[in-house]
Amino acid sequence: MAETVWSTDTGEAVYRSRDPVRNLRLRVHLQRITSSNFLHYQPATQPGKDLIDLATFRPHPTASGHRPDEDEEEEVVIGWQEKLFSQFEVDLYQNEAACQSPLDHQYRQEILKLEDSGNRKNRRIFTYTDSDRYTNLEEHCQKMTTAASEVPSFLVERMANVRRRRQDRRGMEGGILKSRIVTWEPSEEFVRNSHVINTPLQTMYIMADLGPYGKLGYKKYEQVLCTLKVDSNGVITVKPDFTGLKGPYRIETEGEKQELWKYTIDNVSSLAQPEEEEREQRVFKDLYGRHKEYLSSLVGTDFEMTAPGALRLFVNGEVVSAQGYEYDNLYVHFFVELPTSWSSPAFQQLSGITQTCTTKSLGMDRVAHFSYPFTFEASFLHEDESADALPEWPVLYCEVLSLDFWKRYRVEGYGAVVLPANPGSHTLTVSTWRPMELGTKAELRRFFIGGSLELEDLAYVRVPGTFKGERLSRFGFRTETTGSVTFRFHCLQQSRAFMESSSLRKRMQSVLDRLEGFSQQSSIHNVLEAFHRARRRMQEARESLPQDLVSPSGTTVS
């Protein structure tokens with residue numbers, strides 16, 4: 001016989017189920033391992049044999065009609081809150097004088113019916129339901145481990161006296177607080193009446209009577225096999241967990257005659273039929289529909305909608321940090337430029353300035369952590385529907401400055417970043433630069449008396465909005481690369497087109513596609529245009545040269 005692999009993990013397991021708990025079914029199998037049944041057996045001798053074979057041992061029936069091997073093993077399928085009577089309860093409730101409560105009289109009637117019909121399906125395995133007067137004292141002990149020398153902590157002692165709040169308690173009407181929010185000197189009664197542990201539970205115990213053969217019905221032989229707890233949220237707590245593919249659990253009885261028992265607990269709940277699942281889905285769909293209507297009633301009809309064909313952009317931003325700069329005590333001045341076809345409310349502020357922040361060493365750099373929040377909104381209305389029209393996206397310009405002890409400021413760098421075209425959270429790092437002069441005189445002036453070259457128009461970092469020419473030349477403009485600024489954006493887009501006709505939705509989607517990555521498209525477009533213009537000039541120059549100066553490959557011969 002192979003050696004039994006025992007399951008030693010007797011901790012509780014937590015499950016969540018949307019199915020009614022009344023459909024829960026458990027199969028409990030109990031078996032005695034160290035049995036002495038052979039002491040009650042008598043050998044059946046056969047003529048012609050001198051030795052007694054163990055296979056010829058036959059059990060001796062008892063006066064009650066039950067054989068000893070029937071007490072060695074038992075298997076019962078139990079439903080949620082199904083009452084199975086123990087031998088002690090059968091003997092107790094048959095005496096009418098022992099019945100005191102209406103539940104006792106109900107149990108008496110059920111036991112009498114079972115005794116008359118002989119349909120009692122259990123002997124050793126029984127249950128205590130939530131209505132029974134039974135409490136497992138081991139669950140309420142204040143020890144957290146199995147150590148004999150453990151002393152309960154202060155928190156364990158205090159939490160042991162906390163009661164559970166009733167679910168039927170209703171809150172006070174009205175919006176004015178009827179009591180103080182904070183009680184600075186709470187009494188023990190106040191703590192006991194106001195604290196909350198968890199929601200009330202329904203409990204069920206699966207028990208076993210492990211008494212010796214012929215001595216069933218004694219309280220000292222009762223043993224808890226499994227504890228089930230279910231709350232109103234559909235959370236099922238099982239202790240110990242279902243056996244499944246694990247080995248069986250073991251129980252060793254105490255006393256003069258120690259015995260070993262093993263048992264398994266399996267979930268044998270029947271699967272829902274397709275009709276029941278479909279009906280359940282309809283119920284949930286109706287429930288979700290009513291909840292949606294309830295949420296709509298909370299929002300009301302005053303919910304602000306965008307204009308048809310318009311896109312609304314909400315940005316919750318943050319100036320996170322700045323690093324890599326020459327001087328300390330940094331602050332950032334920033335503003336948002338709205339291109340053509342964009343607008344913002346009159347009260348909207350599109351610029352801001354952070355607090356002055358000292359730097360701290362972080363690796364090889366010195367970092368100033370601002371964590372400065374800002375927010376703004378803007379609307380885009382696409383009026384030009386031509387294919388060549390390229391919409392643009394708002395741009396954030398920033399200027400980093402430093403302030404010394406004498407209140408002299410220096411420009412540390414300029415930078416710009418295109419706001420993300422996709423909704424969601426984005427973290428972007430902007431590299432900055434600053435103008436510089438040749439020679440040491442400018443740097444000495446910058447070091448001793450502050451001040452430095454500044455841009456009259458911050459939009460010169462990219463392409464100024466006032467520029468109307470074809471080429472923006474920066475020839476001779478000397479700059480120096482400085483540090484970087486980190487921004488965090490939380491973008492939200494709102495458009496009414498997504499709820500309207502498919503044609504308008506398709507049109508809006510094309511606009512969004514063109515808006516997405518417009519900066520890369522515009523840069524590529526400018527480069528390609530310059531390349532085509534240069535190629536045309538070269539072609540015109542080649543055509544104006546004599547043919548004998550042009551090689552067959554198309555290059556000019558010097």
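This is a predicted model: local features need pLDDT of at least 70, side-chain atom pairs count only at pLDDT 80 or more; totals for chains, interfaces and linings use all residues.
Student: Let's start with glycine 234. Which two strands does its loop lie between?

Tutor: Look at the loop that holds glycine 234. On either side of that loop you'll find strand 8 (222-230) and strand 9 (235-239).

Student: And is glycine 234 buried or exposed?

Tutor: Check the relative accessibility, which is 16% for glycine 234. The cut-off for buried is under 20%. So with 16%, glycine 234 comes out as buried.

Student: Which residues does glycine 234 touch, if I skip its neighbours within four places in sequence?

Tutor: Start with arginine 18, which is 216 residues away in sequence, yet the two C-alpha atoms are 6.2 Å apart. For contacts, we set aside the neighbours within four places. That leaves glycine 234 touching Tyr15, Arg16 and Ser17.

Student: Now valine 268. How far apart are its C-alpha atom and that of arginine 27?

Tutor: Valine 268 sits in the loop between strand 11 (260-267) and helix 5 (274-299). Valine 268 and arginine 27 are 241 residues apart along the chain, and their C-alpha atoms are separated by 6.3 Å.

Student: What's the relative accessible area of valine 268?

Tutor: Buried would need under 20%, and exposed would need over 50%. Valine 268 falls in the partly exposed class, since its relative accessible area is 28%.

Student: On to arginine 496. Which residues is it in contact with, leaving aside neighbours within four places in sequence?

Tutor: Find arginine 496 in the loop between strand 21 (479-495) and helix 7 (502-515). At 32% relative accessible area, arginine 496 is partly exposed. Proline 308 is 188 residues from it in sequence, with 5.9 Å from C-alpha to C-alpha. The contacts of arginine 496 are Met305, Thr306, Ala307, Pro308 and Ala310.

Student: Which of its lining residues are closest to the centre?

Tutor: Eleven residues line the largest cavity. By class, they are four nonpolar, two polar and five charged. Closest to the centre are Arg434, Glu437, Ala442, Ser452 and Leu453.

Student: Which element gives the most to that lining?

Tutor: Two elements each supply at least two lining residues: strand 20 (424-435) and helix 6 (440-448). The top contributor, with four residues, is helix 6.

Student: Let's do rings. Why does the pair of phenylalanine 487 and phenylalanine 489 count as stacked?

Tutor: The structure holds 18 aromatic pairs. In this one the ring centres are 5.9 Å apart and the planes meet at 15°. Planes under 30 degrees apart count as stacked, so with 15° the pair of phenylalanine 487 and phenylalanine 489 is stacked.

Student: Which residues make up the aromatic cluster with those two?

Tutor: Phenylalanine 487 and phenylalanine 489 are both buried. The cluster they belong to is formed by Phe334, Tyr372, Phe374, Phe487 and Phe489.

Student: Last one: how far is arginine 410 from the ring centre of tyrosine 327?

Tutor: For another charge over a ring, see arginine 250, whose charged end is 5.0 Å from the ring centre of tryptophan 6. Arginine 410 lies over the face of tyrosine 327, and its distance from the ring centre is 4.4 Å.

How values were computed. Residues are numbered from 1 along each chain as its sequence is written. Side-chain values use heavy atoms; hydrogens and water are left out. Buried means under 20% relative accessible area, exposed over 50%, partly exposed in between (1.4 Å probe, protein chains only). Contact means heavy atoms within 4.5 Å. On a 1 Å grid over the protein atoms alone, a cavity is a set of points where a 1.4 Å probe fits but cannot get out, and a pocket is an open set with protein on both sides within 12 Å along at least five of seven lines; lining residues have an atom within 4 Å of a point. Ala, Val, Leu, Ile, Met, Phe, Trp, Tyr, Cys and Pro count as nonpolar, Asp, Glu, Lys and Arg as charged, and the others, Gly among them, as polar. Rings of Phe, Tyr and Trp (its six-membered ring) pair if their centres lie within 6.5 Å; planes under 30 degrees apart count as stacked, over 60 as edge-to-face and the rest as tilted. A charge sits over a ring if NZ of Lys or CZ of Arg is within 6 Å of the ring centre and within 35 degrees of the ring normal.
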